[in-house]
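Hello,

I am passing on a structure that I have been looking through. Please have a look at it below, and then read on for what turned up.

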Amino acid sequence: MTLGTRVYLARLAALPVFDPNGDRVGRVRDAVVRLRTTNRPPQVVGLVAEMALRRRIFLPIGRVTHMDAESVVLSTGTLNLRRFEKRPNELLVLENVLDRRVTIEPEHTAGSVVDLGMELSRNNEWLITRVAVREHTGRLARRGHVFQAEYDRVRGLVGPTDTQGSANLVALLEQMRPADMANALQDLPDARRVEVAAALSDRTLADVLEELPEHDQVEILIKLDRERAADVLERMEPDDAADLLAELPQAEQTLLLDLMEPDEAAPVRQLMNYSPGTAGSVMTSEPVIMTPDSTVAEALARIREPELPPVVAAQVFVARAPSATPSGKYLGMVHFQRLLREPPASLLGGLVINDIDPLHPDHDLKDITRRMATYDMVAMPVVDNSHRLVGAVTVDDVLDHSLPRDWRDRDAEDEEQGILPGAETS
């Protein structure tokens, strides 16, 4: 990093952090700015990085030797693993500053903060010198242009949180994986979390809700308009939607299910009828199901569909028509590796594996886990008393329900215990 180099802080979000040996430490989640009691620009004192087990730690800016569009590199692998806590005179760029409504003097131009630019001063301090602002046009159909202003021309950068929007933070979050987006949302204040979540698209919000702790899921869902909440539930995996609805009062469950499209609500209703902790309650009701006269080429085309989770696309279940659950008579499964080895015109009926007994909806989680571990299965079929396929239990379903109930919660007790593997303390 050379003197005068300008770095834009929002662009660092989600970049990997490496130690001097090239080992990855974690990912950048935010930047910490210290306010001054004088009129001097705020000082950037460090970055917040997320490590294993979702622990967030503070990285002093003095330990950063390189920053570019691809990564952040540290001068040492010795880290202080104490959980990051913001001090009273500090701001987090993404959480507290991005989208804040400001005025640029002397023109009195109104806009919202898109990014903050920092530069290295002669005193070897990283100071906020530039603010990237999107101008407010007052027209719903037209977005204002983005321009840069010197820090001392910006008014309202620090102030009440009700002057903060959400558009730029939403745009930044939507570049992340759903699990990372969920982690970022958990760090926001309650009101800000709900505001930002509500600004996400239905599809994105559905993906994020599946990665949040149950109490955060409920908090966000109940703050949405009921029609919007039903739309989001429709886009969630049926088993995740059923788990979320189970946390709501019975009257609210009934209302939201009635607002959902009948075809989307039907599998959710069915899953909610099974006893908790059984195969029926944890399975997905929408595995890949094809008839025995389907070809390998058709099966490969089906599992290539981008919306399919990897564990669901890892195998095709073969059953008599109909191909929706509950299907016709279950015949067996074909793993994707077998599909890759067979001629495209081969029929699935001649490739099925049926030497492993399928699960029944009443099988408990302990039995499911034992069977999947014994046969090294990524997913196992679930059939009813008529041997019709009603769903499949996937390995992520088993993990999700085997871990402690609060495992997604950043405040869970497990995160507070011990030193993280693979890291040194300072």
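The face turned away from the buried side of helix 9 carries the exposed residues Gln250, Ala251 and Asp258 (buried means under 20% relative accessible area, exposed over 50%, partly exposed in between, with a 1.4 Å probe and protein chains only). This is a predicted model, in which local features need pLDDT of at least 70 and side-chain atom pairs pLDDT 80 or more, while totals for chains, interfaces and linings use all residues. Residues are numbered from 1 along each chain as its sequence is written, and side-chain values use heavy atoms, without hydrogens or water.

Within helix 9, which spans residues 250–259, Glu252, Gln253, Leu256 and Leu257 are buried. They line one face of the helix, because seen down its axis they fall within an arc of 130° (taken from the directions from the axis to the C-beta atoms). Their cover includes helix 6 (214–223), helix 7 (226–235), helix 8 (238–245) and helix 10 (262–272), with contact meaning heavy atoms within 4.5 Å.

Now the aromatic rings. Phe, Tyr and Trp rings (six-membered ring for Trp) pair if their centres lie within 6.5 Å; planes under 30 degrees apart are stacked, over 60 edge-to-face, the rest tilted. The count comes to 2 pairs. Phe58 and Phe84 are stacked, at 6.2 Å centre to centre and 20° between the planes. Phe58 is partly exposed at 26%, whereas Phe84 is buried at 16%. Phe317 and Tyr330 form a tilted pair, at 6.5 Å and 50°, and both are buried.

Best wishes

Conventions. Helix = DSSP H or I, 4+ residues; strand = E, 2+ residues; numbered from the N terminus.
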